[in-house]
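Welcome! Here is a short briefing to read alongside the sequence and the 3D view.

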Amino acid sequence: MKRRELGRSACPIDRSLHEVGDTWTLQILRDAMHGVTRFSKHIGLATNVLSARLQKLVAGGIFEIHESELGNSHEYVLTEKGRDFHTVLAALRQWGQKHLFDDELVNRVVDARTGRQPLPVTLTAEDGRELFADDILIVQSRASDPIESATPVDTPRRRRAGA
């Protein structure tokens, strides 16, 4: 599938990547989760590229622009949609921490109240089981329809299972 078609895909991962799927955007969102609201040259990104990314995040409803308390500029404030991305970043951070670092410095997250690391982000079934890739089936329906009316999507795993 061509990149320009991701925004119309039935796959939520494709649509998510269309919204936030580049390195700079993820870094902007990471920094916003840590309280940054003004992104002048904060991450070493060219001004025109930074401006384009911020405009896209505003247009996508991830940021709102608020006037600065100083009155001479504006700030980018995460919306509910933007704040909901926190879990995605947490999962990405945990994956990177587990698989991409040996015995070297790493930025880690701890619970501000307890100072302890949070539990890993997992996909959990209603009965409490942790779900892995082999445990899930992709189904399709209208977003407003009950999940029981969904139709299984043809995937290689489903074909191998003979479904």
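## Charged pairs, ring pairs and a pocket

Arg 30 and Asp 31 form a salt bridge, with their closest N and O atoms 2.8 Å apart. This is a predicted model, and a search of the whole structure finds three salt bridges. The points below take you through those charged pairs, then some aromatic rings, and then a pocket.

**Salt bridges**

- As background, side chains of opposite charge can pair when their charged atoms come close.
- Asp 22 forms a salt bridge with Arg 53, and here the closest N and O atoms are 3.1 Å apart.
- Asp 22 sits in the loop between helix H1 (12-20) and helix H2 (23-33) while Arg 53 belongs to helix H3, so this pair ties together parts that are 31 residues apart in sequence.
- Arg 53 is partly exposed, with a relative accessible area of 22%.
- Asp 127 pairs with Arg 129 in another salt bridge, the closest N and O atoms being 2.9 Å apart.
- Asp 127 counts as exposed at 55% relative accessibility, and Arg 129 counts as partly exposed at 46%.

**Aromatic rings**

- There are three aromatic pairs in the structure.
- One of them joins Phe 63 and Tyr 76 edge-to-face, with 5.8 Å from centre to centre and 65° between the planes.
- This pair links distant parts of the chain: Phe 63 is in strand S1 (residues 63-67) and Tyr 76 is in strand S2 (residues 74-78), 13 residues apart.
- Both partners are buried because each has a relative accessible area under 20%: Phe 63 has 2% and Tyr 76 has 13%.
- Ring pairs also bring Phe 39 into the picture, linking Phe 39, Phe 63 and Tyr 76 into a cluster.

**The second largest pocket**

- The second largest pocket has a volume of about 190 Å³.
- Two rings of the cluster, Phe 39 and Tyr 76, are among the residues that line this pocket.
- Other lining residues include Arg 38, Ser 40, Thr 47 and His 74.
- Helix H3 (47-59) and S2 are the elements that give two or more residues to the lining.
- H3 provides the largest share of the lining, four residues.
- Sorted by class, the lining of the second largest pocket has four nonpolar, five polar and one charged residues.

Terms used. Residues are numbered from 1 along each chain as its sequence is written. This is a predicted model: local features need pLDDT of at least 70, side-chain atom pairs count only at pLDDT 80 or more; totals for chains, interfaces and linings use all residues. Side-chain values use heavy atoms; hydrogens and water are left out. Rings of Phe, Tyr and Trp (its six-membered ring) pair if their centres lie within 6.5 Å; planes under 30 degrees apart count as stacked, over 60 as edge-to-face and the rest as tilted. Buried means under 20% relative accessible area, exposed over 50%, partly exposed in between (1.4 Å probe, protein chains only). On a 1 Å grid over the protein atoms alone, a cavity is a set of points where a 1.4 Å probe fits but cannot get out, and a pocket is an open set with protein on both sides within 12 Å along at least five of seven lines; lining residues have an atom within 4 Å of a point. Grid points are joined across faces, edges and corners, and a volume is the space filled by probe spheres set on the points. Ala, Val, Leu, Ile, Met, Phe, Trp, Tyr, Cys and Pro count as nonpolar, Asp, Glu, Lys and Arg as charged, and the others, Gly among them, as polar. A salt bridge is a side-chain nitrogen of Lys or Arg within 4 Å of a carboxyl oxygen of Asp or Glu.
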